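Work through the two exercises below with the sequence and the coordinates at hand, and try each task before reading its solution.

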Amino acid sequence: MKSKGTSRLAATFIERLIQSLEQAARHPPGDSVPPAAVLWTDADGQWKALVEPLLARLPHFFVHGGYDKARRTGPAIWLKCVIARSLDEPRIPDDVVPVIYLPGVGRQELRAGEECPEELQPLIELQYRGLVWTQRNGKDWTVEAFLGSDDGLGLDLAKDSATRHSLQQALRALAGVPVTQLLGRHLEAEDFDKLLVGDQPRDLLTWMSAPAATRGAWEDARWKAFRSRCQAKFQFDPEMDGETAAGERLGLRKGSGWSALWDRYVEAPDAYPGIPELLVRCRPSGELSFDKSTWPDENERAEASLRDAFAKMQDSDAAEARGRTLALEEEHGLRRQWVWARLGKSTLAQALEHLAVLARRTASLPGGETPDEMARSYGEGAYLADDAALKSWAAVRTGADSDAVRSAIRALYLPWLDDSARRFQDAVKRHPLPARGVLSVVEAAPGECILFADGLRFDLAQRLCAMLEAREMKVSRQQRWAALPTVTATGKPAASPVATRIVGRKIPETFSPEIAGAGQPLTTDRFRDLLGREGVQWIPSGEAGSPGQSDARGWTEAGQIDKWGHKMEARLAAAVDEELEGLCERIAGLLVAGWRSVRVVTDHGWLLLPGGLPRHDLPNYLAESKWARCAAIKGASRVQVPTAQWHWNPTEVYATAPGVACFSAGLEYAHGGLSLQECLLPDLRIVPAAEAIQARIVEIQWVGMRCRIRVEPMDTRLRVDLRTKANDPASSMAAAPKPLEEGGRTSLVVEDDGKAGTAVVAVVLDTTGRVLTKHPTTVGGKE
């Protein structure tokens, strides 16, 4: 599921709602079977007030109901045809996951099987081919739950019936309110009532965005009052002057009233989707001698100019491209502060920010005469060139923008990348990288789980560190050299605790070593068996192992960066942040489960270049096997390319492609060669940042379905939850964990009466979500 502009930090209530729907639709990038749809069940129809703004905001949003093609609404069988892409209109791109809103339909109805209403039965199977947008406890999202839950907006919301009623009445007006205006306050009925009355700027912007629809929705008395307020505050009559006059005055920001109205628009532009088109229609003719930032067509012209400038860089040398890029940044950088950037209309200006970093970072090569010296220079900042190249490519979406940015990246990045690789290859020739017996063995400390992340390149590891630290985890950064060649068959066992049990003889076609003393090729099953002999638990994906065992040590694997790189090639750039988020979740889960620390290692990095890496010919008759950037040499053949020592047997050599070339044409993603990007690997150790907190549950009392809990000692950083499985947040029976209040007390409500009598565990959580203590109890029971 994709929508324009929601990748940034969502600013308004409706943006946060869309962001939550997008997160529900997430699936591994490049997966051949994405979810068929996101089903949004709403038994009470609480969300119906947001249908219109969501239809305007999300072209892949559909509604169950009577057929109305213009409003993307129809019965179940029509929705099935839409999802199957079997209709000429509406068309949904293959990489977009549609959202199906079901007002008046609860999830339990869909799960009723044959008892499900006949008109809904075509949608039943979508529960299994798709996803249902629900709370962690499996319940439908209510408006109140979304506003109050940490998984929603996390607002402090009064729980009385008056507040619920006012919230429901004000929901449409709430859609465009910046979330920052709601945080840090105890919200009651009065706060939501104020959204419905006395907000002249909002009403004027709403009318300007959709004049006919807004006038038709208002009663004559409200329209008359609206006109009167506009005349008094803005010297403007909507009925006599019309929306084009209002648009011109808004764009020109004439007078303090219109200037303030523009500021109000900028706070939440998504709430008024018709205003950009209005501003294009009413822009004054002739040359603009005033501020251009308010006119969307001016921004479009600047984007077109930037697109043309990028495209012309394909004929520039690196120095010329760097100078031109930095000059363009001076000219266009300010546009990232314009409102059109927030609306996703300044894609090239956004890409330019990263291209400017790339231009500065590629002005010099990583310094040093030895691999270690070059590694130090690379780690101190040269790696940011690789990071900037990825980010600039990830910023573009359309074909024309991609073509232009591709030209700029290649002009800036390819010469630096190739020169750096050749310099590194010369250094390795003089000072070979450490081989078996010299390269330090990766070991797990007691209580530590090793997490192997295939293809976690050095620059991505720095992004991962920032994500982990933002979640209040402490990261220790180290680095190590990869085993050569930089392919998984060679590198993964070298980055494991069983490296001393593995040897190499002749280089096989697969570059895979064998088990010492057994002469057996190393396979996945044999690798796991060796881990067990070393006293290391093999932990499958999604499981936590047994961290409570004496001298517990673990090995698990997560992430698919390398897999998606080979499948998606340059498109990987737009998917890496999602992969890193997945690694964050896995690391946090292991720590919550009880592991004292997590050590993150990898096998190799990689090269990525939009448009393809250069090709270098290696005749097939000289190679036993030929990979993207390395090859096993046939017999005693002499090759006219660089060679390097195999990690598992330094007396054996293999062929490696010069510079950043590949032995195959057209590859945008490749590894196996000798470059800092492929050979310098991150080695991270993560622990919870919070100091050890002592806590114990001293009292549990049930009053109906409300559980009152007291914890000692009192600490406002702690939260309490009710779960069926202590270490599984998804098993929560409450809407969300609750913080401790005065006296160390808090209370949680189990909303489903049918859960009475269920055995649960009360858990106390620290700031990282780690379980500090737990106490069994029974829903509705007495202690």
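Contact is taken here as heavy atoms within 4.5 Å, and helices (H or I, at least four residues) and strands (E, at least two) are DSSP runs numbered from the N terminus. The model is predicted, so that local features need pLDDT of at least 70 and side-chain atom pairs count only at pLDDT 80 or more, whereas totals for chains, interfaces and linings use all residues. Residues are numbered from 1 along each chain as its sequence is written, and side-chain values use heavy atoms, with hydrogens and water left out.

**Exercise 1.** Determine which residues of helix α25 are buried and what they pack against.

*Solution.* Buried means under 20% relative accessible area, exposed over 50% and partly exposed in between, with a 1.4 Å probe and protein chains only. In α25 (residues 524-533), Phe527, Leu530 and Leu531 are the buried residues. Because they cover an arc of only 105 degrees around the axis (taken from the directions from the helix axis to the C-beta atoms), they lie on the same side of α25. These buried residues pack against α24 (488-494), β10 (502-503), β11 (514-515), β12 (537-539) and β13 (553-557). The face turned away from the buried side carries the exposed residues Asp525 and Arg533.

**Exercise 2.** Locate Arg71 and describe its contacts.

*Solution.* Arg71 is placed in the loop between β2 (61-64) and β3 (73-74), and at 33% relative accessibility it counts as partly exposed. Leaving aside residues up to four places away in sequence, Arg71 touches Val51, Glu52 and Leu55.
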